[in-house]
Amino acid sequence: MAGYISGDTRKVTTHRLVEMKQRGEKISMLTSYDYTTAQIVDAAGVDVILVGDSASNVMAGNVTTLPITLDQMIYHGKSVVRGVKRALVVVDMPFGTYQTSEYEAVTNAIKIMKISHADALKLEGGEEIIDAVKKIISAGIPIMGHLGLMPQSINKYGTYTVRAKDNEEAEKLIRDAHLLEEAGCFGLVLEKIPAELAERVAKELTIPVIGIGAGGGVDGQVLVVSDMLGMTDGFSPRFLRRYADLHSVMMGAIGQYVKDVKQGEFPNENEQY
């Protein structure tokens, strides 16, 4: 694995993530949706790659995550897995593929795993989907939970504001987190909830808790790769840190290419056969 930024090139597993939590070692997680990006993210040393249903927004231009299909998620998952050597690859189960029945949930989960060769799956929800979670895990498929702001339920919320700010919703989130751990989930994502609540959950659970907009008291962090690289324009939630400005870089490069073509400067003699 020459060229890896990370010195640790061993394959990341669900067991290793638990060990990282026990050692107090923070876990890095980023999304990827294609082979090329996944290669770069993996080689940079990211521990977990999430093939998120945010592909619905980032790759397909949809307003929500709801329209993306099972087959589309499998396509993105398979593309990412081909580019990864070290990171644990987790694929989101899309809306409507696990909420209707336990049988359908297991059937769809198996289909994703068999075709994409992913390492694990992620589902949104707590008590409402716990039977499906148990059935999928009993089939031998590792599951990562997701609580807090759950984009697949955006039509119920009606807003992307911070969740679990009141005591009732916070206590339900804590109960759901314990239910997911007891069901056998290897990890949990907490999205856009108060930092104090997220830290409490991370301390109470023995499994890794990954946050996005959930403060620094959790066991790791996840961001959407196109957001943290600055490819998206005009999206600036409080939790987002931009590590690059690829939007400007790409606009400049493409603009220069257009100029060179228009002026007959590309290709030059050295770029021809």
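## Lys122 and its surroundings

The side chain of Lys122 makes a polar contact with the side chain of Asp92, at 2.8 Å. This is a predicted model. Lys122 sits in strand β4. Is Lys122 buried or exposed? Its relative accessible area is 2%, which falls under the 20% limit, so Lys122 counts as buried.

Leaving aside residues up to four places away in sequence, Lys122 touches Leu50, Val90, Val91, Asp92, Met93, Met144, Gly145, His146 and Val189.

## Largest pocket

Rolling a probe the size of a water molecule over the atoms shows where empty space is left. The largest pocket holds about 670 Å³ of space. Its lining has 29 residues, and the closest to the centre are Ser54, Asn57, Glu191, Val224 and Phe235.

Which elements give two or more residues to the lining of the largest pocket? They are helix α3 (55-58) and the strands β6 (187-191) and β8 (220-223). By class, the lining splits into 14 nonpolar, eight polar and seven charged residues.

## Second largest pocket

The second largest pocket holds about 420 Å³. It is lined by 22 residues. Nearest its centre lie Glu128, Met150, Ser153, Lys156 and Tyr157. Strand β5 (143-148) and helices α7 (154-157) and α8 (167-183) each give two or more residues to this lining.

Which element supplies the largest share of the lining of the second largest pocket? Helix α8 does, with four residues. By class, the lining has eight nonpolar, seven polar and seven charged residues.

How many salt bridges does the structure hold? There are 12. One of them pairs Glu128 with Lys172, with the closest N and O atoms 3.0 Å apart. Glu128 lies in the loop between β4 and α6 (130-138), while Lys172 lies in helix α8, so the pair ties together parts that are 44 residues apart in sequence. Glu128 is exposed, at 59% relative accessibility. Lys172 is partly exposed, at 28%.

This pair belongs to a network of salt bridges that links Glu128, Lys172 and Asp176. Glu128 also has a place in the second largest pocket, among the residues nearest its centre.

Helix α8 takes part in another bridge. Glu171 pairs with Arg200, the closest N and O atoms being 3.7 Å apart. Glu171 is in helix α8 and Arg200 in helix α9 (residues 195-204), so this bridge ties together parts that are 29 residues apart in sequence. Both ends are partly exposed: Glu171 has a relative accessible area of 36%, and Arg200 has 39%.

## A bridge to the segment before α1

Asp119 forms a salt bridge with Lys11. The closest N and O atoms are 3.0 Å apart. Why does the pair tie together parts that are 108 residues apart in sequence? Asp119 lies in the loop between α5 (102-116) and β4 (120-122), whereas Lys11 lies in the segment before α1 (14-23).

Asp119 is partly exposed, with a relative accessible area of 24%. Lys11 is partly exposed too, at 32%.

## Backbone exceptions

Most residues other than glycine have a negative phi, and most peptide bonds are trans. His117 has a positive phi, near 65 degrees, and is not a glycine. Where is His117 found? It is in the loop between α5 and β4, the loop that also holds Asp119. His117 is exposed, with a relative accessible area of 56%.

Lys192 has a positive phi as well, about 50 degrees, and is not a glycine. Lys192 lies in the loop between β6 and α9. Which residues are joined by a cis peptide bond? They are Phe266 and Pro267, with omega at about 0 degrees. Pro267 lies in the segment after α11 (246-262).

Technical notes
Residues numbered from 1 in each chain as written. Predicted model: local features only at pLDDT ≥ 70, side-chain atom pairs only at ≥ 80, totals over all residues. Heavy atoms only, no water. 1 Å grid on protein atoms, 1.4 Å probe; cavity = no way out; pocket = protein on both sides within 12 Å on 5 of 7 lines; lining within 4 Å. Points joined across faces, edges and corners; volume = space filled by probe spheres on them. Nonpolar A, V, L, I, M, F, W, Y, C, P; charged D, E, K, R; others polar. Salt bridge = Lys/Arg side-chain N within 4 Å of Asp/Glu carboxyl O. Buried < 20%, exposed > 50% of the residue type's maximum accessible area, 1.4 Å probe, protein only. Polar contact = N/O pair within 3.5 Å; in protein donor to acceptor, adjacent residues only side chain to side chain. Contact = heavy atoms within 4.5 Å.
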